[in-house]
Amino acid sequence: MKAFTPAHAAVLRAVHRFGTTVEAAHRLHLTQSAISKIIARSEASLGIPVFERREGRLLLRPEAGALMTALDSVDQEWRELGAAAARLRAGRETPLRIASTPSIGQGLIARALRRLTDEYPQARVELIMGDAPTELSFGTADIGLMFSPRVTDDITLTPLAGGEIIALVREDDSLAKRRTVSLHDLKTRRMICFDREKSPLGWLIAQCYEREGLEYAPFMTVPYSISAAHLLAEPGDVTLIDSLLTQAQRFDGLVQLSLEPQIPTTICLMTMRSRPLSRLAARFVEIVRQRET
């Protein structure tokens, strides 16, 4: 014997509401014979007669009144369950939270999100400009993207794309006519750059300075490349930033120079080993990896 299902419940409720198998069949887009068979199967499964026929209509038996009240409640719960599932499929139920830096957000993340929102137009996305490993560890982000981060064992690290550190100077600077500058060319300049302890890029740059026998001592430290570029206002100032930023944004009045020796960078994708990704987050990861491999 087949179990009583939500589909059977919908048929019983329609018959109770409209009074005939003909009208119930019309409303549910079924045949009259299908409605009659479902009524018989439902009554057999429930173990009680639900309707009695009187003057061409099907009337609810008095003892089945409580059953119909319960079916109304079940139908409402089923609708709510279906709506919740639809929200999950559309990405509305749980937002995708991505922690990153502005330069990665304006380039790699923006491209991936355009495709993701084409597939999930109702998706909710939250971009967090903060320390990605920390945001992941605290559970305030689902995914992190960062340059060469130092992470804990609970974070999975996947290299995605490579770049390099470049120098930015004002277009009226004497160095602006050159294509390449060395760290030694910059040792007397006021440097706007990253903190070596707080920033992975700052740590990479500081390591290169030390290999060249130079002291890494910016007169101003900033958290992001875009901040450094906007603060480059005084003649003779220079900043070292990631090359990804100039691919995503134009800075009028500034000139980009290659650096010698080269300082390569790697954009890494970070996820928590101990926390499964949501459907939306997993799809975002797929898109990012497809575009960058």
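**Pockets and overall form**

In this predicted model, the lining of the largest pocket consists, by class, of 12 nonpolar, seven polar and four charged residues. The space inside the largest pocket amounts to about 340 Å³. Its lining is made up of 23 residues, and those closest to the centre of the pocket are Lys198, Ser199, Pro200, Pro223 and Tyr224.

Several elements of secondary structure contribute to this lining. At least two residues each are supplied by helix 5 (102-119), strand 5 (143-147), helix 7 (200-211), strand 9 (220-222) and helix 8 (225-230). Strand 5 provides the largest share of the lining of the largest pocket, with three residues.

Attention now turns to the second largest pocket, whose volume is about 190 Å³. The residues that line the second largest pocket are Ala10, Arg13, Ala14, Arg17, Phe18, Arg27, Leu28, Asp75 and Arg79. Helix 1 (6-18), helix 2 (21-28) and helix 4 (65-90) are the elements that give two or more residues to this lining. Of these, helix 1 accounts for the largest share, five residues. By class, the lining of the second largest pocket comprises four nonpolar residues, no polar residues and five charged residues.

The elements named above belong to a secondary structure that comes to 10 helices and 12 strands in the protein. How do the overall dimensions of the protein stand against those of a compact globule of 293 residues? Such a globule would have a radius of gyration near 19 Å, whereas the protein has 32 Å. The extent of the C-alpha trace can also be given along the principal axes of the protein, where the trace spans about 100 × 40 × 30 Å.

What percentage of the residues of the protein count as buried? With buried taken as under 20% relative accessible area, the figure is 43% of the 293 residues. Among the contacts in the protein with a separation of 6 or more, 74% are between residues 24 or more positions apart. The accessible surface of the protein comes to about 15700 Å², and carbon and sulfur atoms hold 50% of this surface.

Note on methods:
Residues are numbered from 1 along each chain as its sequence is written. This is a predicted model: local features need pLDDT of at least 70, side-chain atom pairs count only at pLDDT 80 or more; totals for chains, interfaces and linings use all residues. Side-chain values use heavy atoms; hydrogens and water are left out. On a 1 Å grid over the protein atoms alone, a cavity is a set of points where a 1.4 Å probe fits but cannot get out, and a pocket is an open set with protein on both sides within 12 Å along at least five of seven lines; lining residues have an atom within 4 Å of a point. Grid points are joined across faces, edges and corners, and a volume is the space filled by probe spheres set on the points. Helices (H or I, at least four residues) and strands (E, at least two) are DSSP runs, numbered from the N terminus. Ala, Val, Leu, Ile, Met, Phe, Trp, Tyr, Cys and Pro count as nonpolar, Asp, Glu, Lys and Arg as charged, and the others, Gly among them, as polar. The radius of gyration is taken over C-alpha atoms; the globule rule is 2.2 Å times the number of residues to the power 0.38. Buried means under 20% relative accessible area, exposed over 50%, partly exposed in between (1.4 Å probe, protein chains only). Contact means heavy atoms within 4.5 Å. Accessible areas come from the Shrake-Rupley method with a 1.4 Å probe; for residues, only the protein chains shown count as cover.
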